[in-house]
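We will go from stop to stop, selecting as we go.

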Amino acid sequence: MRRLPMPMPFTAPALQATPHAGADAAPVARKARFWDRIAPKYAAEPIADMAGYEATLQRVQALLPPDAHVLEVGCGTGSTAMRLAPFTGRMLATDVAPGMIAIARQRLAAQPVPQLGFAVADADAPGLGQGTYDVVLAFSMLHLVDDLDHALDLLVQALRPGGLLISKTPCINEMNPLIPRLALPLMQAIGKAPQVLCFDAQHLRSALVRRGLEVVSVERHGTRGKDIRVFIVARKPG
């Protein structure tokens, strides 16, 4: 695999990610508490469909422009960012949970990747930048935002003209109807699941189109049974 020349070590900026107008900090704190609590277990869990995950990584790697400035939102404990950052010019990976970012930074210290930096930031809040990035990555997190349209607006604003928004999203409404209607609310009630948005792939595609994006590709990379995780590549007009 081709690797780009290694740049100087990247220091992550201090993002000014604050709740959007009219909101209080409670939803952000709630999200952070949930993910902080499960961060160690999350970091230790194996990937369920490794072949599908590797297919996604290879696909994204092929889409990255040379020397791309990349933002990943909802990076969790940083596994995907660690894999993709060597193929970028510079990459900032963010998550709402300080506990997740702490583990990601430990991993980065143990296995340095000069292009990569981590920062705490909420995808529902402004502060990610205006026309800053060539590529924005959103993996397994668009169903976890408070407001899909608002979050997409912020991600599109962070992109430069012609930039790519690349997402892979569990579409809860494509699961057995008993899961979103019964199982998920029960798990949320006992604190075993986060708040999620329930939609299908067409709903997400339509939301991207409403932002003025050109949907370049809609794919499924799963190799085990029905794949509810839709992979979408969308381009911001130049």
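The tour starts with the whole chain and then visits single elements and residues.

**Stop 1: the whole chain**

This is a predicted model. Colour the chain by pLDDT first. The average is 89, and 89% of the residues score at least 70. Now select residues 1-11. Here the pLDDT stays under 50, and the model gives this stretch 25 contacts beyond four places in sequence. Residues 16-23 come next, with a pLDDT that is also below 50. That stretch has 17 contacts in the model beyond near neighbours in sequence.

Switch to a cartoon view. You will find seven helices and seven strands. Follow the chain along its sequence and the pattern reads α-α-β-α-β-α-β-β-α-β-α-α-β-β. The chain has 238 residues, and buried ones make up 47% of them. Take the contacts between residues at least 6 apart in sequence: 75% of these join residues at least 24 apart.

**Stop 2: strand β1 and Leu71**

Select Leu71, which sits in strand β1. Is Leu71 buried or exposed? Its relative accessibility is 0%, so Leu71 counts as buried. Show what surrounds it. Leaving out residues up to four places away in sequence, Leu71 touches Leu92, Thr94, Leu128, Tyr133, Val135, Val136, Leu137 and Ala158.

Pick two of these partners. Val136 is 65 residues from Leu71 along the chain, yet their C-alpha atoms are 4.8 Å apart. Leu128 is 57 residues from Leu71 along the chain, with 8.6 Å between the C-alpha atoms. Stay on Leu128 for a moment. Leu128 lies in the loop between β3 (116-120) and β4.

**Stop 3: two positive phi values**

Most residues other than glycine have a negative phi. Now select Asp67, in the loop between α2 (50-63) and β1 (69-73). Asp67 is not a glycine, but its phi is positive, near 60°. Asp67 is exposed, with a relative accessible area of 54%.

Move on to Ser140. Ser140 is in the loop between β4 (133-139) and α5. Phi is positive at Ser140 too, near 55°. Ser140 is partly exposed, at 37% relative accessible area.

**Stop 4: His143**

Stay in the loop between β4 and α5 and select His143. With a relative accessible area of 8%, His143 is buried. What does His143 touch, not counting residues up to four places away in sequence? The list is Thr169, Pro170, Ile172, Gln195, Val196, Leu197 and Phe199.

**Stop 5: Asp200**

Jump to the loop between α6 (178-189) and α7, where Asp200 lies. Asp200 is partly exposed, with 31% relative accessible area. Apart from neighbours within four places in sequence, Asp200 is in contact with Cys171, Asn173 and Glu174. Draw a distance from Asp200 to Glu174. The two are 26 residues apart along the chain, and their C-alpha atoms are separated by 5.9 Å.

**Stop 6: helix α7**

Select residues 201-210, which form helix α7. Which residues of α7 are buried? They are Ala201, Leu204, Ala207 and Leu208. These residues cover an arc of only 125° around the axis, so they are on the same side of α7. Turn the view to see what they face. The buried residues of α7 pack against α5 (148-158), β5 (159-170), β6 (214-220) and β7 (229-235).

Look just past the end of α7. Gly212 has a positive phi of about 85°.

**Stop 7: α5 against α7**

Show α5 and α7 together. Their axes come within 10 Å and cross at roughly 50°. The two helices are therefore oblique to each other. The crossing of α5 past α7 is right-handed. Now show side chains for the contact. From α5 come Leu148, Asp149 and Leu152. From α7 come His203, Leu204, Ala207, Leu208 and Arg210. Two of these α7 residues, Leu204 and Leu208, were among the buried residues at the previous stop.

Key. Residues are numbered from 1 along each chain as its sequence is written. This is a predicted model: local features need pLDDT of at least 70, side-chain atom pairs count only at pLDDT 80 or more; totals for chains, interfaces and linings use all residues. Side-chain values use heavy atoms; hydrogens and water are left out. Buried means under 20% relative accessible area, exposed over 50%, partly exposed in between (1.4 Å probe, protein chains only). Helices (H or I, at least four residues) and strands (E, at least two) are DSSP runs, numbered from the N terminus. The arc is that of the directions from the helix axis to the C-beta atoms. Contact means heavy atoms within 4.5 Å. pLDDT is the predictor's confidence in each residue, from 0 to 100. Axes are lines fitted to C-alpha atoms, for helices over the stretch in contact, and angles run from 0 to 180 degrees between N-to-C directions. Angles under 35 degrees count as roughly parallel, over 145 as roughly antiparallel, 65 to 115 as roughly perpendicular and the rest as oblique. A crossing is left-handed if the near helix is turned anticlockwise from the far one by less than a right angle, and right-handed if clockwise.
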